[in-house]
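Trainee: Could you help me learn to read a protein structure, feature by feature?
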Amino acid sequence: MQVFIKKILNIIKIKRILDKSLAIYINLLYYIHNIKKYNNKGDNMLEKVNSTEDLKKLTIKEKEELAEDIRKYIIEVISKNGGHIASNLGVVELTLALESVFDVNKDKIIWDVGHQSYVHKILNGRKEQLKNIRKLGGIAGFPKTKESKTDCFNTGHSSTSVSAAMGMAKARDIKKEKHSLIAVIGDGALTGGMALEALNHIGCTKTNVIVVLNDNEMSISKNIGGINMLLTKLRARKMYTISNKSGKKILDKIPVIGPFLIKAIRRIKQGIKQLIIPKMFFEDIGFKYLGPIDGHNIEDMELIFNRAKELNEPVLIHVLTKKGKGYEPAEKEPDRFHATSGFDIETGNPTKKKDKDYSKVFGEKLNELAKNNNKIVAITAAMKDGTGLTEFAKNYPERFFDVGIAEQHALTFAAGLAKEGMIPFVPIYSSFYQRAYDQVIHDICIQNLPVVMCVDRAGCVGADRRNTSRYI
Ligand SMILES: Cc1ncc(C[n+]2csc(CCOP(=O)(O)OP(=O)(O)O)c2C)c(N)n1
């Protein structure tokens with residue numbers, strides 16, 4: 001009996017020692033974690049990151065800090081130089097997650113329009129040069145293959161990324177190479193016919209391309225059209241959240257087996273999600289649809305991108321972001337901050353008063369004419385404010401049409417209106433009119449239809465009118 005009691009006491013002693021050791025081990029882990037946190041406090045993460053190799057070494061927490069530093073830097077620079085600020089603030093986490101998972105030196109990321117590529121430029125050798133963005137001799141505001149190997153395709157005009165990615169993917173397959181092709185396209189750019197033509201091609205050929213749909217519900221102004229209606233339905237679905245924060249925190253505290261449990265639970269959740277999401281538009285045209293996912297949650301995005309990387313089929317990842325994220329004036333007025341000249345950071349007000357320009361005069365005159373002639377209609381391809389049609393849209397909503405980023409459709413649509421006796425006015429920046437040459441010739445000129453084509457920002461334009469010159 002005595003021996004038995006002794007044994008029990010020994011077991012209790014051993015258990016106590018083990019408990020104490022475990023407690024010391026856990027405390028030690030917390031201590032190391034806190035020291036790390038303390039050391040990082042106040043540091044500028046952006047100063048430490050000079051490449052995507054540096055980025056890949058960071059923890060999620062550090063990447064979140066980096067995101068904030070990048071935002072501050074972009075706001076500082078663009079408040080002086082002007083530029084596409086709202087779109088860039090919206091893709092900070094998205095860029096960090098993409099360039100953490102994919103290898104920019106091997107994989108190819110194509111930024112549609114390319115106006116949102118500042119974060120990519122900062123991470124890929126142009127942190128300092130950003131200060132000279134859009135200045136003579138400075139770096140461009142759009143991806144430029146001449147600037148960096150990591151800018152793998154020049155963009156500027158909307159809706160080209162998916163076609164280019166498809167072409168590059170087919171070349172990869174013919175050459176028997178192995179890398180990922182990623183097109184990052186906004187919900188605005190997705191209204192462009194070319195993007196839909198490319199999705200159609202990829203889906204039916206089952207080409208391994210990843211399309212990241214950056215959905216912020218905005219083109220330059222609020223996005224419109226049937227595609228937007230489809231996205232609204234998809235947005236209403238419960239967000240695809242993988243990192244359940246509270247559960248994860250508890251599991252994280254269990255040393256050794258905790259992380260394994262988290263991974264296992266995530267896999268199960270992903271499997272279930274795939275089962276319960278019914279077939280939908282993108283799936284019906286041949287894509288695996290993943291999403292919607294929070295475009296400001298780096299950890300969730302990394303998990304999804306890693307998953308997409310493993311799949312050998314067309315994948316569309318629906319990411320929800322906020323245009324202007326992190327800078328209040330831009331969050332409140334994302335359209336004004338889509339592309340801005342210099343502004344005061346505190347108030348968001350422009351530093352220079354804007355002179356009355358061509359578009360304003362055009363808009364005022366058209367308003368006046370439309371008052372006495374109800375056959376006058378106005379069409380824009382997602383550029384209501386830029387082309388001076390804001391007042392017209394307010395005064396004559398039934399005679400105003402925003403067709404999305406669809407210049408070709410805008411012109412043939414105008415031809416149809418003109419054929420039936422209306423007088424359509426179509427103001428489009430000269431740069432984007434190029435999209436509709438065939439429609440101008442085939443549908444309007446040859447049929448001699450009275451469409452008034454208003455070519456804005458044409459010829460050699462000054463610094464105030466960057467739209468024509470900036471792509472050169
Ligand atoms: C063919 C063409 N038409 C018009 C434009 C002008 N434009 C530049 S960005 C943009 C809106 C793009 O919206 P989205 O793709 O949703 O990107 P976001 O800025 O919202 O991130 C437009 C209309 C363009 N670049 N190309």
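Mentor: Gladly! Helices (H or I, at least four residues) and strands (E, at least two) are DSSP runs, numbered from the N terminus. Two strands pair if DSSP finds at least two bridges between them. This is a predicted model: local features need pLDDT of at least 70, side-chain atom pairs count only at pLDDT 80 or more, and totals for chains, interfaces and linings use all residues. Residues are numbered from 1 along each chain as its sequence is written.

Trainee: What is the order of the open sheet of 4 strands?

Mentor: The order is 7-6-8-9, and the pairing is parallel. Strand 7 (400–402) and strand 9 (452–456) have a single partner strand each, so one side of each is left without a neighbour in the sheet. From one strand to the next, the twist averages 20°; angles run from 0 to 180 degrees between N-to-C directions, and axes are lines fitted to C-alpha atoms, for helices over the stretch in contact.

Trainee: How many bridges join strand 8 to strand 9?

Mentor: Strand 8 (residues 423–429) is joined to strand 9 by 5 bridges. Look for Ile428, whose bridge partner in strand 9 is Val455.

Trainee: Which helix lies across strand 6 and strand 8?

Mentor: For contacts, the rule is that two residues have their C-beta atoms, placed from the backbone, within 7 Å. Here helix 18 (residues 407–419) lies across strand 6 (376–380) and strand 8, running at about 165° to strand 8.

Trainee: What is the order of the open sheet of 5 strands?

Mentor: That sheet runs 1-2-3-5-4, with parallel pairing. Strand 1 (108–111) and strand 4 (288–294) are its edge strands, each pairing on one side only. Strand 4 is joined to strand 5 (residues 315–320) by 5 bridges, and Asp294 stands opposite Leu320 in strand 5. Helix 8 (residues 161–174) lies across strand 1, strand 2 (181–186) and strand 3 (210–215), at about 175° to strand 2.

Trainee: How many residues surround the ligand?

Mentor: A residue is near a molecule if its C-beta atom, placed from the backbone, lies within 6 Å of it. Around the ligand there are 24 residues, and the closest are Ser87, Ser158, Gly186, Gly188 and Ala189.

Trainee: What is the mean pLDDT of the chain?

Mentor: pLDDT is the predictor's confidence in each residue, from 0 to 100. The chain has a mean of 88, and 83% of its residues reach 70 or more. Over residues 463–472, though, the pLDDT is below 50.
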